[in-house]
Structure formats: C-alpha cells, structure tokens
Amino acid sequence: MQYAKKVYVFLICVLCSILAAGCGSLPVNKANNYQLQSTPLEKYPTKKAIIHKLYYQHKKWEGVRYQLGGLSKKGIDCSGFVHLTYKSKLGMYLPRTTRQQSRLGKEIYRHELKAGDLVFFRTGPTSKHVGIYIEKNKFLHVSQKKGVTISLLDNVYWKAKYWKSVRV
C-alpha cells in the first residue's frame, strides 16, 4: 500500500511538470541544430495565397481540442498545430516544440506582422504558447479552452501575455 502511494504521488508530480511546460520543449542543443528545409514564406507568390491557406486550415481543424503532445485531429497542442500547418499548407518544416520554433527566423516588431509570421506568448512562469498571424490582428492557434481557433492579438488576455513575433 505504501509503495502504491509513492508511485501515485510520483505520477502526479510528473503530470504536473508536463502541464507546467506548456506546449512542450526539447533540450536546447537539439533546438540550435535545427535547420529550415524549404523556401521562406517571403518567396510565396502573394500574401493573399498565405492568408487563404491559413483560413482553409482553420476551417478544416476548427474546434479540434487541445491535447498536450497531440499531433492529430483527436487532439493537438499549439506547437504541433504550427508544425503541421507549416508543413502541409506552407511547405516548410518547422521544429515540433514552441521553444525550438521561438529560436527560428528573424524577430520582428508587432506592427511589422505579415501573414504566416509566428506570434509567441508567455502564458506562465515556464510555459510558452505559439500561433500563426493571419491578418488584421488575428492569429490562428490552439486554445486550451476552445481548441483550434482564431483569436485577436488585442484580446485582453493575449495582449498581456504577448512575448515576441518571428518571421521564418
């Protein structure tokens, strides 16, 4: 009985630490070695093409629930959704985790955002969140409450949590 309690407490601690990590992360040395394997978004024909692909992705995935570490329509986390969207809709291979994604590309100011840029948020002491900018202060992401959704950068919550923007 004592052994079972210790195992139970250990599993609860592991679960809490996973949840506190946000969308997930890998060791720093793996993130620094990652290289983009395709054409930058700036080479796309038009801004409208990118916007159209992002809205189409939203339509196909809208409401799919948040699941830490998930990578399918049964459940997906924010960095996994960014990873899949870039791969399937924009033809770019991004790393799987928020931490790795935040180290890519060129950091830009918020007023410079263009369709396809990544927007990052600090949602807790150690957790980060990522989404993809669409247009007109809107970004596509996976909310823990709403699942795959579009939100406004000017929303009180997101405005307070905004960290940085990156162009890959």
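Good morning. I begin with a pair of helices: α3 and α4 are oblique to each other, and this holds in a predicted model. Their axes cross at roughly 125° and come within 11 Å. The helices concerned are α3, residues 47–61, and α4, residues 78–89. As for handedness, α3 passes α4 in a right-handed crossing.

Which residues in α3 and α4 meet? On the α3 side they are Lys53, Leu54, Tyr56, Gln57 and Trp61. On the α4 side they are Phe81, Leu84, Thr85, Ser88 and Lys89.

The protein chain has six helices and eight strands. Along the sequence, these elements follow the pattern α-α-α-β-β-α-α-β-β-β-β-β-α-β. The chain has 168 residues, of which 40% count as buried. Turning to contacts with a separation of 6 or more, 61% of them in the protein chain come from residues 24 or more positions apart.

Ser165 is found in strand β8, which spans residues 162–167. Is Ser165 buried or exposed? Its relative accessibility is 0%, and Ser165 therefore counts as buried. The side chain of Ser165 is joined to that of Tyr162 by a polar contact of 2.4 Å. Setting aside residues up to four places away in sequence, Ser165 touches Lys106, Glu107, Ile108, Arg110, Leu113, Leu118 and Val119.

Where is Glu112 placed? Glu112 belongs to the loop between β3, residues 106–108, and β4, residues 118–122. In sequence, Glu112 and Ser165 are 53 residues apart, while their C-alpha atoms are 9.0 Å apart in space. Glu112 counts as partly exposed, because its relative accessibility is 33%. When residues up to four places away in sequence are not counted, Glu112 touches Asp117 and Arg167.

The next residue is Thr149, in strand β7, which covers residues 147–152. With a relative accessible area of 12%, Thr149 is buried, because the cut-off for that class is under 20%. Leaving aside neighbours within four places in sequence, Thr149 is in contact with His58, Phe139, Leu140, His141 and Ser143.

My final topic is backbone geometry. Most residues other than glycine have a negative phi. Against that background, two residues deserve mention. Lys136 is not a glycine, yet has a positive phi of about 50°. Asn137, also not a glycine, has a positive phi of about 65°. Lys136 is found in the loop between β5, residues 128–135, and β6, residues 138–143. Asn137 likewise has its place in the loop between β5 and β6.

How exposed is Lys136? Lys136 has a relative accessible area of 66% and is therefore exposed. For Asn137 the relative accessible area is 26%, so Asn137 is partly exposed.

The helices α3 and α4 are oblique to each other. Ser165 is buried in this model, and its C-alpha is 9.0 Å from that of Glu112. Lys136 has a positive phi, as does Asn137. Thank you for your attention.

Technical notes: Residues numbered from 1 in each chain as written. Predicted model: local features only at pLDDT ≥ 70, side-chain atom pairs only at ≥ 80, totals over all residues. Heavy atoms only, no water. Axes fitted to C-alpha atoms, helices over the stretch in contact; angles between N-to-C directions. Helix = DSSP H or I, 4+ residues; strand = E, 2+ residues; numbered from the N terminus. Parallel < 35°, antiparallel > 145°, perpendicular 65-115°, else oblique. Left-handed = near helix turned anticlockwise from the far one by under 90°. Contact = heavy atoms within 4.5 Å. Buried < 20%, exposed > 50% of the residue type's maximum accessible area, 1.4 Å probe, protein only. Polar contact = N/O pair within 3.5 Å; in protein donor to acceptor, adjacent residues only side chain to side chain.
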